[in-house]
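Please look at the model below.

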Amino acid sequence: MQNVGVRFGGIVALDDVSFDVDTGRIVGLIGPNGAGKTTLFNCLSRLYRCDTGDILFGGQSLLRMPRHRIADLGIGRTFQNLALFRTMSVLDNVMVGCHSRTTSGFFVNCLRLPRVAREEAETREKAQKLVALLQLESVAAAPVGGLPFGTQKRVELARALASEPKLLLLDEPASGLNHEEVGALGALIKEIRSRLSLTVLLVEHHMSLVMSISDRVVALNFGRKIAEGSPAEVQKHPEVIQAYLGNA
């Protein structure tokens, strides 16, 4: 992120925000409600346009890329509000995420050429492996809409991983989870980071999760970066304390 600024009319959502996410690291992005965290995520995934600054991924400017190329570049994300296909099975939802990596076009699929059958078999196999990794095998054939909220969160994570991202954006993955589920989620994020060689940028209000799994933490308030460093450093930063607790 290089001096990124975003305005909505007279509201400054992001104000000259800059930071780096190093390859293979888990970086936590924190801040009170309205700090600009989700706006930043939406800029990274090109849902929003930046008014100023630039975003570089692997040396390439994302702002010069069409939106539909973001997954191809290696950026995957989950959403704060679940965006699953509720009537489809767990396995089919994960397979949808795999399709950004398939190469057969519209006409090839219409004609059902042999290449399509091969790709579908490969897609199903990859999705089944992710279902196993996320411990979803027992519900693989079940419609997503009838599953517990914590399970649906894991399905969305599996679907994001299906696009084979280099950078995984997690938007409040612990929202709505109980204490035990949050602990399991933290261990899972660290495991998939190691097993799949991922870089992770995490937006989360659950401070114990952020501080326990992040290598570095960036803090925002009113769209401005107020702190960056190790979890211990950011926790002690006076502007972070003031942003969360207010004036004594």
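In this predicted model, helix 6, residues 149–161, packs with helix 7, residues 179–195, at an angle of about 10°. Their axes are 12 Å apart. Because angles under 35 degrees count as roughly parallel, helix 6 is roughly parallel to helix 7.

The contact can be followed residue by residue. Helix 6 contributes Gly-150, Arg-154, Leu-157 and Leu-161, and on the side of helix 7 they meet Glu-181, Leu-188 and Ile-192. By type, four of the contact residues are nonpolar, one is polar and two are charged.

Helix 6 can also be checked for its length. With 13 residues at 1.5 Å a residue, helix 6 should span 18 Å. The C-alpha atoms at its ends are 19 Å apart, which agrees with that expectation.

How much of helix 6 is buried? Eleven of its 13 residues are, so the helix is largely enclosed by the rest of the structure. Among these buried residues are Thr-151, Gln-152, Lys-153, Val-155 and Glu-156. Gly-150, Leu-157 and Leu-161, which take part in the contact with helix 7, are buried as well.

The cysteines come next. How many disulfides does a search of the whole structure find? The search finds zero. For Cys-43, the closest cysteine sulfur is that of Cys-50, at 3.9 Å. A disulfide requires the two sulfur atoms to be within 2.5 Å, so the sulfur of Cys-43 is too far from that of Cys-50 for a bond. Cys-43 counts as buried because its relative accessibility is 0%. Cys-98, at 1% relative accessibility, counts as buried too.

Key. Residues are numbered from 1 along each chain as its sequence is written. This is a predicted model: local features need pLDDT of at least 70, side-chain atom pairs count only at pLDDT 80 or more; totals for chains, interfaces and linings use all residues. Side-chain values use heavy atoms; hydrogens and water are left out. Axes are lines fitted to C-alpha atoms, for helices over the stretch in contact, and angles run from 0 to 180 degrees between N-to-C directions. Helices (H or I, at least four residues) and strands (E, at least two) are DSSP runs, numbered from the N terminus. Angles under 35 degrees count as roughly parallel, over 145 as roughly antiparallel, 65 to 115 as roughly perpendicular and the rest as oblique. Contact means heavy atoms within 4.5 Å. Ala, Val, Leu, Ile, Met, Phe, Trp, Tyr, Cys and Pro count as nonpolar, Asp, Glu, Lys and Arg as charged, and the others, Gly among them, as polar. Buried means under 20% relative accessible area, exposed over 50%, partly exposed in between (1.4 Å probe, protein chains only). The expected span of a helix is 1.5 Å times one less than its number of residues.
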